[in-house]
Amino acid sequence: MLTDKQLDHFRDMLEHSRLELRELLNISTEASRTVALDQTMVGRLSRMDALQQQQMSHASRATYRKRLVAVEQALQSLDDGEYGLCEQCGELIDTRRLEIKPESVRCIGCQQLSETGGA
């Protein structure tokens, strides 16, 4: 089981991640706005660049939203007293893994199995 000090540390990490992800979502809102069709204002190649940047922004925003949901779920599992336990096997997730990705919900073994189609 994780100590209170470790739980506080991971809560701080998760809360920092949540704030950072919310800020990234706010910042990326402008970049994902509709590209103007007015060719007099934006040349054809510039417009193509703008469209590409818009698509990249949409992809980034989707990633930020997905990670934000995972972070909020991890914070909820902290509140519920279940943080750090693998959702698949129930074993404690290695703290080294949680240091890298504190919103992890699986131990490394179960994560590898899920990625290779074993689970």
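Reply: Buried means under 20% relative accessible area, exposed means over 50%, and partly exposed lies in between (1.4 Å probe, protein chains only). The model is predicted, so local features need pLDDT of at least 70 and side-chain atom pairs count only at pLDDT 80 or more, while totals for chains, interfaces and linings use all residues. Residues are numbered from 1 along each chain as its sequence is written, and side-chain values use heavy atoms, with hydrogens and water left out.

Me: Why is Glu72 called partly exposed?

Reply: Glu72 has a relative accessible area of 33%. Partly exposed is the class between buried and exposed, and Glu72 therefore belongs to it.

Me: What makes the pair of Arg22 and Glu72 a salt bridge?

Reply: A salt bridge requires a side-chain nitrogen of Lys or Arg within 4 Å of a carboxyl oxygen of Asp or Glu. The N to O distance between the side chains of Arg22 and Glu72 is 3.1 Å, so the pair meets that definition. Arg22 in helix H1 and Glu72 in helix H2 are 50 residues apart, and the pair links distant parts of the chain. Helices (H or I, at least four residues) are DSSP runs, numbered from the N terminus. Arg22 is partly exposed, at 38% relative accessibility.

Me: How many salt bridges does the structure hold?

Reply: The structure holds five salt bridges. One of them joins the side chains of Asp79 and Arg11 (3.1 Å, N to O). Asp79 lies in helix H2 (residues 44-79) and Arg11 in helix H1 (residues 4-31), so this pair ties together parts that are 68 residues apart in sequence. Asp79 is exposed, with a relative accessible area of 52%, whereas Arg11 is partly exposed at 24%.

Me: Is Glu103 buried or exposed, and how do you know?

Reply: Glu103 has a relative accessible area of 6%, and therefore it is buried. Glu103 lies in the loop between helix H3 (95-100) and helix H4 (108-115).

Me: What makes the link between the side chains of Glu103 and Arg67 a polar contact?

Reply: A polar contact is a pair of N or O atoms within 3.5 Å; within protein, one must be able to donate a hydrogen and the other to accept it, and residues adjacent in sequence count only if both atoms are side-chain atoms. The side chains of Glu103 and Arg67 make such a contact at 2.6 Å.

Me: Which residues is Glu103 in contact with, leaving aside its neighbours within four places in sequence?

Reply: Contact means heavy atoms within 4.5 Å. With those neighbours left aside, Glu103 is in contact with Leu14, Arg67, Ala70, Val71 and Ala74.

Me: Which residues does Leu98 touch, not counting residues up to four places away in sequence?

Reply: With those residues not counted, Leu98 touches Leu2, Phe10, Met13, Tyr83, Gly84, Ile93 and Ser104.

Notes. Helix = DSSP H or I, 4+ residues; strand = E, 2+ residues; numbered from the N terminus.
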